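Dear colleague,

I am passing on the structure below, as you have not worked with it before. My notes on what was found in it follow.

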Amino acid sequence: MRQTDKPWRRTEGRTTILGEQASGLSDTADTSVLPAEQEPGVDLRDVERETAMIRLFDGHHAQLVRLAVLLGADQDAEDVVAEAFCVLHSRWYRLRAPESAAAYLRSVVCNLVRMRIRRLQVSRRHADVQLDPIASAESTAMLHEDQRQVVDALKGLPTRQREALVLRYWMDLKEREIAEAMGISTGAVKSHISRGMHALSRAMGTRR
């Protein structure tokens, strides 16, 4: 999914969401003297949601794709992030506050990548499944040079350790924010970071 492809769009002044037009007023209402902001068929809450979603997409999409790659999504990173935005869109009104949307997206990306890794592990138990090396190379190409040097080592870590390290040192999140994204306690975050750093240092040492 390219950055310009969004699951929401504007059509002829009305908000169209995932192919469904927002519910409006009665067809019998006289619309000839209504100002644009009161146009029948437009729910102002939906308009605010679409505006916020566009800002989130523009401001966080690239960062979330890098996060998904580092967590192990490889060639599926953009699809994972696209799905995360769709999940947020469908659950927007359940958010505690609009300010929590970015944190929610990170949490969804972590969960989706985790599910993907589990599916791959199951598949590999039943067949000799190999990732496309070209696609994997393309996905890591979006990372900075210094990040590429540790991507392979990160992939060898347990899922939770990898998530904790990426969220802490690449996303620069605080322990509380990491705990929220991973759905665990701050104590568990500290443990995963400590063990992950030890394992990563050891893995990097063997590669030199």
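Surface and overall make-up

The chain exposes about 12,300 Å², of which carbon and sulfur atoms supply 48%. Please keep in mind that this is a predicted model. Of the 208 residues in the chain, 40% are buried.

The secondary structure comes to eight helices and three strands. Along the sequence they follow the pattern β-β-β-α-α-α-α-α-α-α-α. Among contacts in the chain with a separation of 6 or more, 66% are between residues 24 or more positions apart.

Helix 7

Helix 7 covers residues 175-182, and its buried residues are Ile178, Ala179, Ala181 and Met182. Viewed down the axis of helix 7, these buried residues fall within an arc of 165°, so they line one face of the helix. Glycine 183 follows helix 7 and has a positive phi, near 70°.

The second largest pocket

The second largest pocket has a volume of about 170 Å³. Its lining consists of Arg91, Arg94, Leu95, Arg96, Ser100, Ala103, Tyr104, Ser107 and Glu180. By type, the lining divides into four charged, three nonpolar and two polar residues. Which helix gives the most to this lining? That is helix 3 (residues 101-126), with three residues.

Best regards

Notes
Residues numbered from 1 in each chain as written. Predicted model: local features only at pLDDT ≥ 70, side-chain atom pairs only at ≥ 80, totals over all residues. Heavy atoms only, no water. 1 Å grid on protein atoms, 1.4 Å probe; cavity = no way out; pocket = protein on both sides within 12 Å on 5 of 7 lines; lining within 4 Å. Points joined across faces, edges and corners; volume = space filled by probe spheres on them. Helix = DSSP H or I, 4+ residues; strand = E, 2+ residues; numbered from the N terminus. Nonpolar A, V, L, I, M, F, W, Y, C, P; charged D, E, K, R; others polar. Buried < 20%, exposed > 50% of the residue type's maximum accessible area, 1.4 Å probe, protein only. Arc of directions from axis to C-beta. Contact = heavy atoms within 4.5 Å. Areas by Shrake-Rupley, 256 points an atom, 1.4 Å probe, with all protein chains shown as cover.
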